[in-house]
Amino acid sequence: MNKPFTPPQNVKEVLERVNRPKTAVVTGGMPYANGPLHLGHLAGAIVPPDIMARYMRMLIGKDNVLFVSGNDDHGSTSEASAVKAGKGVREFIDEIHAKQLETVTRYGISYDIFSGTSQPDCYPTHAETSQEFMRKMWKNGLLEKKTTNQWYDPKINRFLQDRNVTGKCPNPNCTNESAYSDNCEVCGMEYDPSQLLNPRSALSGATPELKPTAHLWMDMTKVQDQLVEWLKSKQNKWRKGVINQVMDTVLPAFQFDNVHEPIYKEMKANLPKHKSRYAPGKKVVVQFENKEDFINGMNMMSVQEIPVEVMDGWAHRSITRDVVWGIPVPEEIDPEMKGKTLYVWPDSLIAPISFSKVALKNKGKGPDEWKRFWTESDSRVFQFLGQDNVYFYVLMQGAMWFGTQADPNRQPVPGEYQLTDIFSVFHLMVDGEKMSKSRGNFYSADQLTNEMGFDPDQVRYFLSTLGIAEKPSNFEFETFKERNKFLAGPMNAAIEKPISAVHSRFDGKVPDGKLLEKAEKETMKIVQLYLKNMEKGEHLTLLGQIENYARLINSFFVQYKPHDDRADLEGRKDGLYTSFYILKNLMIMLYPFAPQTMERVRQSLNLPETVWSVDELGTGIPAGHVIGQKGSYFPGVEGLEVD
């Protein structure tokens, strides 16, 4: 019989009950090596995973956490950009990589490694890992060879990747003259490459031709039931937008013309459990819980002579390309695959495993140490990405992971790749519009610091308050400046007042006061909220509550006046002792968000680096502890008067 729930009585009990994985890997969607990092990169795939990585280190120790990323080097975008710049691909990528590395370092992004899929330190390991994936997926029947027509550039004698061909969008209502080979980013239409109008090669400017070529295709229907089972286990844990998006895609379904709807309605009650909905083109979609019910449903429709169209286009994807710049397909898979390379998407999904192996090797760890992070059931993998990439990181990646197992038709067991946790974010707009260089609202991460003079922690903090995990968000410079006023004003005051008072009135030592009851109660509440929201990667509400918690220090200074010799001495001691208690908690909780600033606070409080631990929450600073000198924390803001 389960014991009745009893609420925790103090912060220590709260911390004893928190779920702690044995190890954690944190990663984010990898930027292409084709240009500088911009605000969207920071907001979605760089700052949020850094916050999670820093939190996980505070939760389970830095030796048990890997934060890995790097450039997605093998994409057509990098190759096309190199050609446009008149440089070799290797030279171009290395220049971009060096600049991006400078940017992430400036923003305090605490990677264990920031490499690239083609970088010399990573490529051998990445090639070996990727080829092992291909061999196992081929052996398990998830890959098959298919011949299709693809664009070929007769001027440079090579097949072209999707984004190396542009032309007029075939949608008669769209005017985009630079649509990609199979999709238009302006109207959202997807189409067969043969439908593209006025095609041209992005590499040579020539008019390409459609020619047959053989490739490896993944059939994700082979593990469809396993994907559904996994996703159902995440329904109350992942963000709703992620679950809804992939479940609508992965559940077995067919559609039929609505002229057959009267017959369908008559037989509906006898069909296996399903859901139906109307779809464009006067269609009715019927969706089932598993493949067995789906097949039975199709057979019953066939008996009634209702023609159906299986909706499995999502499940069939080519995973190889006719390019030199990539991971070669193992020749033993099929002789016709000689010269083919792995498509950039599966390449990038495997990359964090390769980065992990290299990072651990650089730390002097053994060759099998990576398995502790990727293949044990009590490990966790946190992946942060934009919502546009959810399909790849959930369905394609999940199918690939199943495809490497000894038995693909079950959930992973210890020793096999453990399925990941996905944290997607919505789009970031700037001043109410999608970022665009032509509109003048496109900002690189370096522009904000190097040209506009903002502190990296100001940018990190503001991005964390936008709630991009819950909704499309807007980076508005006026709102950004107002937030910086709060940091320079009330937040700095909460940090500076106790330090100033202890030096001016208490010889630089924390007084022997007692902890005020209000602070103890508010700390219990904020620590519980902190642990819950940090694990979910949800920061908007949390930061608002942390800001309210910081205001307690200012309220205690108003009430107990630790800086004023005329006030009651015992009250002054209690007020200052409690203010330092709150300040230590505040510093720890804000460390993942504003690490460089909080590191300066730590030095002022004269605390060791071991303070960066959730187990230090609620412990306070003991009486008699010597406090260091006040430093500079959040930058001042022009026109702001601070009391």
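Reader: How do the residues lining the second largest pocket divide into nonpolar, polar and charged?

Author: Three are nonpolar, two polar and five charged. Ala, Val, Leu, Ile, Met, Phe, Trp, Tyr, Cys and Pro count as nonpolar, Asp, Glu, Lys and Arg as charged, and the others, Gly among them, as polar. This is a predicted model: local features need pLDDT of at least 70, side-chain atom pairs count only at pLDDT 80 or more, and totals for chains, interfaces and linings use all residues. Residues are numbered from 1 along each chain as its sequence is written, and side-chain values use heavy atoms, without hydrogens and water.

Reader: Which residues line that second largest pocket?

Author: Arg54, Arg57, Met58, Gly61, Lys62, Ser110, Tyr591, Glu599, Glu609 and Trp612. On a 1 Å grid over the protein atoms alone, a pocket is an open set of points with protein on both sides within 12 Å along at least five of seven lines; a cavity is a set where a 1.4 Å probe fits but cannot get out; lining residues have an atom within 4 Å of a point.

Reader: Which helix gives the most to that lining?

Author: Helix α2, residues 39–60, with three residues. Helices are DSSP runs (H or I, at least four residues), numbered from the N terminus.

Reader: Switching to cavities. How many of 30 Å³ or more turn up?

Author: Three, in the whole structure. Grid points are joined across faces, edges and corners, and a volume is the space filled by probe spheres set on the points.

Reader: What lies nearest the centre of the largest cavity?

Author: Pro48, Leu463, Ser464, Ile468 and His539, out of 18 lining residues. Helix α2 gives the largest share of that lining, five residues.

How values were computed. Helices (H or I, at least four residues) and strands (E, at least two) are DSSP runs, numbered from the N terminus.
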